[in-house]
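Hi,

Here is the structure I promised to pass on to you.

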Amino acid sequence: MTENNFAHFAPLHGERPFVMLDSHPNGRYVALQVVTYLETTCNRAAVWDRDTGKLEWAPEGVSALAWMPSGEHVAFIHEKYEHAPDHPAIIVTPLQSEFTYTLVLATWPEPRSIASCSVDFPMGWPTDLVVSPRGDLAVVEWNDQGESGLEFVAITADGPQQIAHPGLPHIAPLVNGGGIDGGGFLLTTNLTARPGFSPDGRYIVLAWQNEWVWWSQRYYDVDADGNEIAPASPGGEYTIGTVSIIDWQERTHRMVPIVEAIPIGWRPDPRSDGGEGLITDPPDFLDSEHFTLALPTGVVRRFSVNE
């Protein structure tokens, strides 16, 4: 769904959607997300009618949501804020310790909560939720200033439960300690795309980047009116980012660098969200082992989970 298509949808909290989280199996409903200016965290998700653009379901305090494969249930991340009695008066903004998050499973199309579990993050706040095609695992992406990661929630007949020790290799140190086997999957960058599952649910793919401006040593140029703009590239071969491929079955992780030859004078197209040069879209799987990624250069690259 392109940026122009979002103008079709009714606003939520006064803001237009900026990303599609999921589509219901029947094609009628879409889960979209907005960035708000609430006093709490900024991501809010709801459900719209794809054809009419009407806002169909907007549960309060929900940052991300996705349907289960059958479409008969919906999963969402609910945020609760409670002002702590010992909150320092000098700090006017909420503290991260005052937030709690819950993954909720509910019936659809008449939402009725049937099961839930708390979800903890090393820091930051949840930004995305993706459910495995098998319906047995949910991946919750979180973000903070300079760091991000994935947490994993098992979905069983007894309800959801966060997996405290998934056994994945760590490519970065855990925040605030926790042991080499603790926590989910941590990255020391917050420049991440949306994660995605392979059709059989075995692989989880996540693209990420270390640099906002990867195509030039300069961080900005100035146009004729004195406004800052993305710098032009001097040309050459550049590493755009990295693809992390998680084999959930074997609990292994592999990194693939994304390297592109950039012509002299190249600069990314401007975006309304300020994300010029960033990879944001999830992987598009062609089959159980091959997928493509849309790069900010306009190129669509093909990758394999095994090569």
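Below is what I found, going from the whole chain down to a few single residues.

First, keep in mind that this is a predicted model. The chain averages a pLDDT of 90, and 89% of the residues score at least 70. There is one stretch to be careful with: over residues 177-181 the pLDDT stays under 50. For that stretch the model has 5 contacts beyond four places in sequence. Where pLDDT is low, the predicted coordinates should not be read in detail.

Now the overall picture. If you go looking for helices, you'll find 0 of them, but there are 23 strands. Of the 307 residues in the chain, 49% are buried. If you take the contacts with a separation of 6 or more, 48% of them are between residues 24 or more positions apart. The accessible surface of the chain is about 15200 Å², and carbon and sulfur atoms account for 50% of that.

Next, zoom in on strand β11, residues 147-156. Is it enclosed or open? Since 8 of its 10 residues are buried, β11 is largely enclosed by the rest of the structure. Here are its pairings:

- β10 (residues 137-144) runs antiparallel to β11, and 8 bridges join the two. Asn143 has Ser148 in β11 as its bridge partner. The two strands form a hairpin with 2 residues between them, and Gly146 in the turn has a positive phi of about 90°.
- β12 (residues 159-162) is also antiparallel to β11, with 4 bridges. Here Ile155 is bridged to Pro160 in β12, and the hairpin that joins β11 to β12 goes through 2 residues.
- β13 (residues 185-187) pairs with β11 in the antiparallel sense over 3 bridges. Look for Ser148 again, because its bridge partner in β13 is Leu187.

What does Gln209 touch, leaving aside residues up to four places away in sequence? The answer is Thr189, Leu191, Trp214, Ile240, Gly241, Gly277, Leu278 and Ile279. With Ile240 there is also a polar contact: a polar atom of the Gln209 side chain lies 3.3 Å from the backbone oxygen of Ile240.

- Trp108 and Pro109 are joined by a cis peptide bond, with omega at about 15°. You'll find Pro109 in the loop between β7 (99-107) and β8 (113-118).
- His13 has a positive phi, near 55°, although it is a residue other than glycine. His13 sits in the segment before β1 (19-23), and at a relative accessible area of 47% it is partly exposed.
- Arg251 is another residue other than glycine with a positive phi, near 55°. Arg251 is in the loop between β19 (236-247) and β20 (252-262), and with 28% relative accessibility it counts as partly exposed.

That's everything from me for now.

Cheers

How values were computed
Residues are numbered from 1 along each chain as its sequence is written. This is a predicted model: local features need pLDDT of at least 70, side-chain atom pairs count only at pLDDT 80 or more; totals for chains, interfaces and linings use all residues. Side-chain values use heavy atoms; hydrogens and water are left out. Buried means under 20% relative accessible area, exposed over 50%, partly exposed in between (1.4 Å probe, protein chains only). Contact means heavy atoms within 4.5 Å. Accessible areas come from the Shrake-Rupley method with a 1.4 Å probe; for residues, only the protein chains shown count as cover. pLDDT is the predictor's confidence in each residue, from 0 to 100. A polar contact is a pair of N or O atoms within 3.5 Å; within protein, one must be able to donate a hydrogen and the other to accept it, and residues adjacent in sequence count only if both atoms are side-chain atoms.
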